[in-house]
Amino acid sequence: MPSLLFCGPKMAACGIVISIWGVIMLAMLGIFFSAKSAVLIEDVPFTEEDIRSDKNPPQNIYSLYNQVSINCFIAAAIYVAVGAVSLCQVRLNKRQEYMVT
C-alpha cells in the first residue's frame, strides 16, 4: 500500500506554524481592507489615470479595496488548506513512529 507521507515531522510542524501565521495575518489584512483602512491605501492597485477618468473616484477605490480584501481571504483559505495537509502529515509521521516494519 503506498504511503501518503511526503514530508518529515519537522517540515510538517513548520508548515503548521507558517499556516497559522498566514491565516492570522491575511485574515486581519482582509478585515482591514474591507473596512477601507486609509493606512493601506498604498497597497491598493490604482493609478492616477483611474482617478482622473472616473466620474466617482471614491467608488472605484472602494471597489479596489473590496477586491483586495477578497484576495486576502482567498489566500487565508489556501493557508488553511496547507495547514490541514501539514496536520495530516504530522499525524502520519506519528503513526509511522509506532509501526513495526
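**A ring, a charge and a nonpolar patch**

The charged end of lysine 36 sits over the ring of tyrosine 62, 5.6 Å from its centre. Sitting over a ring here asks for NZ of Lys or CZ of Arg within 6 Å of the ring centre and within 35 degrees of the ring normal. This is a predicted model: local features need pLDDT of at least 70, side-chain atom pairs count only at pLDDT 80 or more, and totals for chains, interfaces and linings use all residues. Residues are numbered from 1 along each chain as its sequence is written, and side-chain values use heavy atoms, with hydrogens and water left out.

Stay with lysine 36 for a moment. It is placed in the loop between α1 and α2, where α2 covers 48-53. Helices are DSSP runs of H or I with at least four residues, strands are runs of E with at least two, and numbering starts at the N terminus. The phi of lysine 36 is near 60°, which is a positive value in a residue other than glycine. Is lysine 36 buried, exposed or partly exposed? It counts as partly exposed, at 28% relative accessibility. The cut-offs: buried is under 20% relative accessible area, exposed is over 50%, and partly exposed is in between, with a 1.4 Å probe and protein chains only.

Now the aromatics. How many aromatic pairs does the structure hold? One. The partners are phenylalanine 33 and tyrosine 65; their ring centres are 6.0 Å apart and their planes are at 50°, so the pair is tilted. For a pair of Phe, Tyr or Trp rings (six-membered ring for Trp), centres must lie within 6.5 Å; planes under 30 degrees apart are stacked, over 60 edge-to-face, the rest tilted.

Phenylalanine 33 is buried, at 4% relative accessible area. Tyrosine 65 is buried too, at 3%.

Next, the annotation. An unreviewed UniProt entry lists residues 12-35 and 68-90 under "transmembrane region". Such positions are given in the numbering used here, feature names are shortened, and annotations may be inferred rather than shown by experiment. What does the model show for these spans? Residues 12-35 are 96% helix and 0% strand, with the end C-alpha atoms 34 Å apart. Residues 68-90 are 100% helix and 0% strand, and here the end C-alpha atoms lie 33 Å apart.

On to the surface. Ile20, Trp21, Ile24, Met25, Met28, Ile31, Phe32 and Phe73 form a nonpolar patch, with about 810 Å² of accessible area together. Patch members have over 30% relative accessible area and no salt bridge; nonpolar side chains (Val, Leu, Ile, Met, Phe, Trp, Tyr) are joined within 5 Å, like charges within 9 Å. A salt bridge puts a side-chain nitrogen of Lys or Arg within 4 Å of a carboxyl oxygen of Asp or Glu. Areas are Shrake-Rupley, with a 1.4 Å probe; for residues, only the protein chains shown count as cover.

Which element gives the most to the patch? α1, with seven residues. Isoleucine 20 is found in that helix, α1. Tryptophan 21 is in helix α1 as well, and at 56% relative accessibility it counts as exposed. Its C-alpha is 8.9 Å from that of tyrosine 79, 58 residues away along the chain. Isoleucine 31 also lies in helix α1. It is partly exposed, with a relative accessible area of 47%. Isoleucine 31 and cysteine 72 are 41 residues apart in sequence, yet 8.8 Å apart C-alpha to C-alpha.

Two last residues. Glycine 15, in helix α1, counts as buried at 17% relative accessibility. Glutamate 49, in helix α2, counts as exposed at 61%. From glutamate 49 to cysteine 72, the C-alpha separation is 25 Å, for 23 residues along the chain.
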